[in-house]
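Thanks for passing this one along. Below are a few numbered points to read with the model open beside you.

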Amino acid sequence: MDILLHAYVAQNLGDDLFLSLICKRYPQHTFYLFAEGRFIEQYKQIPNLRIMKIYVLPKLLRKVLCKVGTINFDMSFEYFQRWILQKKAMKFAEFQVWLGGSQFVETKNWRTILSYKKYQQQFHTPFVSISATAGPFLTEKYKQKAIEVIKGYDEICFRDKKSYEITGELSNARYEMDMVFALDRIIPLKQKKKIVLSMIDVHSKFRSTPNLGIEYEKKLLEIAQYYNDCGYELCFLSCCTLQGDTRISQKLIAQIRNPISVKIVEYTGDLAAFLAEIADAQMMVATRYHANVVALRY
């Protein structure tokens with residue numbers, strides 16, 4: 001069977017684990033995914049995954065267009081391509097799957113996103129959503145529009161009970177543990193005196209509460225400094241460089257007094273190598289959702 005996958009493709013640990021797990025679980029099927037060219041190389045290691053390429057606007061053209069108006073030209077250009085690729089894929093795809101998690105978050109571009117999701121649903125193929133979350137909803141208008149789209153799936157599996165409840169316990173909905181809990185456990189040959197820390201850019205995620213980012217970084221630095229002083233190797237994990245994980249890690253590392261053994265490990269598409277960094281540690285201090293899930297699994 002040919003299956004069209006929809007996912008967040010940006011070298012993000014959790015979403016790439018989703019893709020890896022579903023392709024590995026169903027090797028008899030061929031999966032298709034929309035992705036930018038810069039990410040294609042990492043997916044070549046998945047034999048039953050095919051990439052339908054999305055092109056990005058050249059940097060110079062983006063700068064010119066941004067000066068013309070306030071429209072998000074990057075998003076408009078990308079979604080224009082997605083509409084075309086979707087129509088092309090539906091000539092052969094027999095099934096569609098949306099792989100979680102933050103599929104229904106209210107952003108300034110929510111109308112474009114929900115419009116595209118409704119367009120995806122108009123084709124006569126079974127369509128399911130896995131490991132989704134609903135919200136946060138900032139307005140009642142967005143909540144109702146999002147629920148309309150959620151009702152359009154043949155089945156949607158939320159990864160948390162709250163999402164299931166706030167969307168009205170719909171007949172096509174259920175909730176189960178996050179898909180990444182199906183990850184095979186790595187048994188390290190030897191555990192090191194090592195702590196792994198997963199950072200996120202709290203300032204960007206919670207702009208309305210700037211003090212939260214300050215307190216967050218202060219506490220994480222305190223923890224890192226404590227284990228550094230105790231002689232532990234510190235491994236800062238960047239689970240998604242594009243969302244600022246590396247930058248925040250570098251900022252904290254620069255403030256550690258008398259660093260003993262400190263490094264940053266960026267996720268760049270090699271799942272096995274990245275997970276191995278986690279597996280041989282004694283403890284994880286995790287902020288990213290899927291860093292928590294991996295730590296619990298190991």
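1. Let me start with Glu277, which is buried at a relative accessible area of 19%, under the 20% cut-off. Bear in mind that this is a predicted model. The side chain of Glu277 forms a salt bridge with that of Lys263 (3.3 Å, N to O). Glu277 sits in helix H10 and Lys263 in strand E10, so the pair ties together parts 14 residues apart in sequence. Lys263 itself is partly exposed, at 31%.

2. Do look at Asp280 next: its side chain meets that of Lys192 in a salt bridge (3.5 Å, N to O). Asp280 lies in the loop between H10 and strand E11, and Lys192 in the loop between strands E7 and E8, so this pair ties together parts 88 residues apart in sequence. Asp280 is buried at 12%, whereas Lys192 is partly exposed at 39%.

3. These residues belong to one picture: Lys192, Lys194, Glu233, Lys263, Glu277 and Asp280 are linked in a network of salt bridges. The total count of salt bridges is 18.

4. Lys161 is partly exposed at 45%, and Glu165 is partly exposed at 39%.

5. Finally, the second largest pocket holds about 700 Å³ of space. Among its 29 lining residues, Leu21, Ile22, Arg25, Met179 and Ala182 are the closest to its centre. Helix H1 gives the largest share of the lining, 6 residues. By class, the lining has 18 nonpolar, 3 polar and 8 charged residues.

Methods:
Residues numbered from 1 in each chain as written. Predicted model: local features only at pLDDT ≥ 70, side-chain atom pairs only at ≥ 80, totals over all residues. Heavy atoms only, no water. 1 Å grid on protein atoms, 1.4 Å probe; cavity = no way out; pocket = protein on both sides within 12 Å on 5 of 7 lines; lining within 4 Å. Points joined across faces, edges and corners; volume = space filled by probe spheres on them. Helix = DSSP H or I, 4+ residues; strand = E, 2+ residues; numbered from the N terminus. Nonpolar A, V, L, I, M, F, W, Y, C, P; charged D, E, K, R; others polar. Salt bridge = Lys/Arg side-chain N within 4 Å of Asp/Glu carboxyl O. Buried < 20%, exposed > 50% of the residue type's maximum accessible area, 1.4 Å probe, protein only.
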